[in-house]
Amino acid sequence: IAITKIVADDLKTIGLDLWDIKFEFGYTKEGEVVLIDEIASGNMRVYKGDTIVEPVELTKLILNR
């Protein structure tokens, strides 16, 4: 939940709304749960107003701030 909030809040700064996101988690040797995969535009559904932002466009929006 904390990671989702960070991503959603960051996207809000450029006028985007996070609707859905996929994360992959794993365990360390000590049994701690950790994020094990990248956070990528292809793993989330984001809208600008009523329009979905396609992953390639989302990447451009994120990187070209």
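Visitor: In what order do the elements of the chain run from the N terminus on?

Guide: Elements here are DSSP runs, with helices being H or I of at least four residues and strands E of at least two, numbered from the N terminus. The chain has two helices and five strands. From the N terminus on, their order is α-β-β-β-β-β-α.

Visitor: On what basis are residues numbered, and which pLDDT limits apply?

Guide: Residues are numbered from 1 along each chain as its sequence is written. This is a predicted model, where local features need pLDDT of at least 70, side-chain atom pairs count only at pLDDT 80 or more, and totals for chains, interfaces and linings use all residues, while side-chain values use heavy atoms, without hydrogens and water.

Visitor: What share of the residues of the chain counts as buried?

Guide: Buried means under 20% relative accessible area, exposed over 50%, and partly exposed in between (1.4 Å probe, protein chains only). The chain has 65 residues. The buried share is 22%.

Visitor: Which residues make up the largest nonpolar core?

Guide: A nonpolar core is a set of buried Ala, Val, Leu, Ile, Met, Phe, Trp, Tyr and Cys residues joined through side-chain atoms within 4.5 Å. The largest one holds ten residues: Val7, Leu11, Leu16, Leu18, Ile21, Phe23, Met44, Val46, Val53 and Leu58. At least two residues of this core come from each of α1 (2-12), β1 (17-21) and β4 (44-48).

Visitor: Is Leu16 buried or exposed?

Guide: Leu16 sits in the loop between α1 and β1. Contact means heavy atoms within 4.5 Å. Not counting residues up to four places away in sequence, Leu16 touches Leu11, Val46, Tyr47, Lys48, Val53, Leu58 and Leu61. Its relative accessibility is 1%, so Leu16 counts as buried.

Visitor: How are Trp19 and Tyr47 paired: stacked, tilted or edge-to-face?

Guide: Rings of Phe, Tyr and Trp (its six-membered ring) pair if their centres lie within 6.5 Å; planes under 30 degrees apart are stacked, over 60 edge-to-face, and the rest tilted. By this rule there are two aromatic pairs. In one of them, Trp19 and Tyr47 are 4.4 Å apart centre to centre, with 40 degrees between the planes. That pair is tilted.

Visitor: Where in the chain do Trp19 and Tyr47 lie, and how many residues apart?

Guide: Trp19 is exposed at 57% relative accessible area, whereas Tyr47 is buried at 16%. The pair links distant parts of the chain. Trp19 is in strand β1 and Tyr47 in strand β4, 28 residues apart.

Visitor: Why is the pair of Phe23 and Phe25 given its class, and what is that class?

Guide: Phe23 is buried at 19% relative accessible area, and Phe25 is partly exposed at 46%. Their ring centres are 6.0 Å apart. Their planes stand at 65 degrees, so the pair is edge-to-face.

Visitor: Which residues is Phe23 in contact with, leaving aside neighbours within four places in sequence?

Guide: Phe23 belongs to the largest nonpolar core. Its contacts beyond those neighbours are Ile3, Thr4, Leu35 and Ile39.

Visitor: What separates the C-alpha atoms of Thr28 and Asp50?

Guide: Thr28 lies in the loop between β2 (25-27) and β3 (33-35). Thr28 is partly exposed, with a relative accessible area of 24%. Thr28 and Asp50 are 22 residues apart along the chain. Their C-alpha atoms are separated by 40 Å.
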